[in-house]
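Open the model in your viewer and keep the sequence panel beside it. The tour goes stop by stop, with something to select at each one.

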Amino acid sequence: MLLVNWRENTHKTMKILIHVIFNPGEANEETTNMVLAELGITEYEHESVVTGMYSLVLEKGDERIQKLIDELNSFENSPILREERIYTKIETDSAELLVLYIKALCGDGYNVYGTEFDKSSVCPVCGSGEVQKSDLIINKFEMGNKDIAVAYSFEIVISEKLAKILSENNLTGLELRPVRHYTTRMKNEPNLFQIIPTCTLPPLASPPSRLVKAKEYCKTCGKSGLFIDPPFYYQKEDLSKVKVCDFDKTTEFFGIKLTRGIPRQAVIISQKVYQILKKNKIRNIRGEPVHLI
Ligand SMILES: [Zn+2]
């Protein structure tokens, strides 16, 4: 299992990792393994039986990336390359705004336990646009002792401890809503809350933000089938015209509308929130600097 270091790196400059994902086909597996060995690439994932996919991570600038691509190009499927930026501590600690990524899950979301949604203004084509009506209902056991986690459709659930910390800091742009357990057991304890960001930022500057439309992209509402290849860029001028809060959401919705999933707006936090989360050692989160241009 390859582990990507999500924490801040100690390099003096931002590090860019290149994820190389490819499927050489079953007949070429042996050759591929030889090529990887010759290049000295020992850490990679290979789902041999299931999909035949290989994935590995190298640092940008590593000459072996091109050599590997050259070798792989002789096979049918060309590799997919994805960049990942690892920012320095100085960069994350000085960014005015950061994209909030939450790595922990607290189980399946609304549809399993009956959270109610208002569907009166959903898109007639893709069905996106439902608005949460009732409190979020989850299986609280799945939260364990985590301070922050996301439910299936990226509803942000936090512990009572974190809710108290956020409330004490007079932050703007968030509403805390109680989270309920799906049965009458654990009616109150533990008290969990959902963070509802209430401020919306203007559209991202794109380009340079790379917005990717999947084949499922809904042309009617634009809320389903959109993805972003980070980083996030905003025009300073656009932000100067709106109220930027401590918790904000993007105008854009990301993800694909599925029976169980709802495309979500990304959550952007202020440096103040980032420092509060860090100071209180809240785990399972990552803040990625937003680029202001
Ligand atoms: Zn739609």
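Which residue in S3 is the bridge partner of Glu45? Select Glu45 and look across to Ser55, its bridge partner in S3. Bear in mind that this is a predicted model.

**Stop 1: the sheet around that pair**

Select S2 and S3, residues 54-59. They pair in the antiparallel sense, over 2 bridges. The 4 strands form an open sheet, in the order S2-S3-S1-S4, with antiparallel pairing. Strands S2 (45-46) and S4 (80-86) stand at the edges. Each has a single partner strand, so one side of each is left without a neighbour in the sheet.

**Stop 2: the helix across it**

Select helix H2, residues 64-72. H2 lies across S1 (15-22) and S3. Its direction is at about 15 degrees to S1.

**Stop 3: zoom out**

Colour by domain. The assignment gives domain 1 as 15-89 and domain 2 as 95-292. Their C-alpha centres lie 32 Å apart. With everything shown, the protein has 7 helices and 20 strands. Its radius of gyration is 21 Å, close to the 19 Å that the globule rule gives for 293 residues, so the protein is as compact as a globular protein of that length. Along the principal axes, the C-alpha atoms fill a box of roughly 60 × 40 × 40 Å. Of the contacts with a separation of 6 or more, 70% link residues 24 or more positions apart.

**Stop 4: strand S5 and its partners**

Select S5, residues 97-102. Strand S18 (residues 264-270) runs antiparallel to S5 and is joined to it by 3 bridges. Find Val99: it stands opposite Ile268 in S18. Then show strand S19, residues 285-289. S19 is also antiparallel to S5, with 5 bridges between them. Here Tyr101 stands opposite Arg286.

**Stop 5: the cores**

Buried residues make up 28% of the 293. In soluble globular proteins, nonpolar side chains tend to be buried together. The largest nonpolar core has 37 residues. Select Leu98, Val157, Ile158, Ile268 and Ile269, which have the most contacts inside that core.

**Last stop: Ile269**

What does Ile269 contact, leaving aside its neighbours within four places in sequence? Show Leu98, Leu100, Asp246, Phe247, Tyr274 and Gly287.

Terms used. Residues numbered from 1 in each chain as written. Predicted model: local features only at pLDDT ≥ 70, side-chain atom pairs only at ≥ 80, totals over all residues. Pairing = 2+ DSSP bridges. Contact = placed C-beta atoms within 7 Å. Axes fitted to C-alpha atoms, helices over the stretch in contact; angles between N-to-C directions. Core = buried A, V, L, I, M, F, W, Y, C linked by C-beta atoms within 7 Å. Buried ≥ 20, exposed ≤ 12 C-beta atoms within 10 Å, placed from the backbone. Domains from an automatic or database assignment. Rg over C-alpha atoms; globule rule 2.2 N^0.38 Å.
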